[in-house]
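Here's a quick briefing to read alongside the model. Have the sequence and the 3D view open as you go.

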Amino acid sequence: MKSIKFLVVFTTVLMFVACNNPKIKNSLDTEEERASYALGLDIASKLKGNFPDVDRDLFIQGVISGIDSTNLLIEPQQVETILREFFQKKQEEARKKQQEEAIKKAEEEFGSVKEEGLKFLEENKKNENVKVTESGLQYIVLKEGTGEKPSATSKVKVHYHGTLIDGTVFDSSVEKGNPLEFFANRVIKGWTEGLQLMSVGSKYKFFIPQELGYGAFPRQGGKIRPFDVLIFEVELLDIVKK
């Protein structure tokens, strides 16, 4: 959106300082001339920073058409929509490229963690007590409750104990002595799916594949590495009513 606002300001400025047949000067004789030229350089620098692939000829053609209100190739009311959609697409492409590069880097550094997790889950599902959902979430029913089941938008109250496959504890409300309340759809996918399998009073053990956990991007500074499989013992204490 900053890019869009900038281009609108840029075009407005040019409407005041541009003309159809600008004269090329070799010297700047007045303060107004120096300021005008400096403004042009500044705006051009910002344009290149926001839109380096701009078609200069079409850009200038658009400015002139806007000043004269003639030979318009698009309707003025379309301008904002075209710019918004274009820069949103560019921003999404840039975000996707950055994410792909970050995942590739994580794969190079933590590929062994991913491989260990896959082997663990493959072996774990051989346990006759382990159930596997379509998404790949694995779980064991430790205690089956008789209460209501939450929906994805429910606020729940739970006790949990989280470990990695090597037994490292990374988080535990049980150890802290305080159950946690949160909305089921505001946590990792494995939790959101798993909680909806449970009735109030249940206690399940979840084995969450990395793609249903934090994937390549765990919280910084914690014990969870990129691509770690997460194991949680979760007790659903209550569904918190609004």
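This is a predicted model: local features need pLDDT of at least 70, side-chain atom pairs count only at pLDDT 80 or more; totals for chains, interfaces and linings use all residues.

Residues are numbered from 1 along each chain as its sequence is written, and side-chain values use heavy atoms, with hydrogens and water left out.

**Nonpolar cores**

- A nonpolar core here is a set of buried Ala, Val, Leu, Ile, Met, Phe, Trp, Tyr and Cys residues joined through side-chain atoms within 4.5 Å; buried means under 20% relative accessible area, exposed over 50%, and partly exposed in between (1.4 Å probe, protein chains only).
- The largest core has 24 residues, and the ones touching the most other members are Val158, Trp191, Leu195, Ile208, Phe232 and Val234.
- Two or more residues each come from strand 3 (155-163), helix 6 (189-195), strand 6 (203-208) and strand 7 (230-240), with strand 7 giving the most, five residues.
- Helices (H or I, at least four residues) and strands (E, at least two) are DSSP runs, numbered from the N terminus.
- Another core, of six residues, lies apart from that one and includes Leu121, Phe207, Val229 and Ile231.
- Beyond its neighbours within four places in sequence, isoleucine 208 is in contact (heavy atoms within 4.5 Å) with Leu137, Ile188, Gly190, Trp191, Gly213, Val229, Leu230 and Phe232.

**Helix 3**

- Phe59, Val63 and Ser65 are its buried residues to look at, and they sit on the same side of helix 3 because they cover an arc of only 165° around the axis (taken from the directions from the helix axis to the C-beta atoms).
- Aspartate 55 caps the N-terminal end, with a side-chain oxygen 3.2 Å from the backbone nitrogen of aspartate 57.
- Serine 69 follows helix 3 and has a positive phi, near 55°.

**Proline 226**

- Look for proline 226 in the loop between strand 6 and strand 7; it counts as buried because its relative accessibility is 11%.
- Its C-alpha atom is 8.4 Å from that of glutamate 107, although the two are 119 residues apart along the chain.
- Leaving out residues up to four places away in sequence, proline 226 touches Ala106, Phe110, Val113, Gly215, Ala216 and Pro218.

**Annotated region**

- UniProt lists residues 89-116 as "coiled-coil region" in an unreviewed entry; such annotations may be inferred rather than shown by experiment.
- In the model, residues 89-116 are 100% helix and 0% strand, with end C-alpha atoms 37 Å apart.

Terms used:
A polar contact is a pair of N or O atoms within 3.5 Å; within protein, one must be able to donate a hydrogen and the other to accept it, and residues adjacent in sequence count only if both atoms are side-chain atoms.
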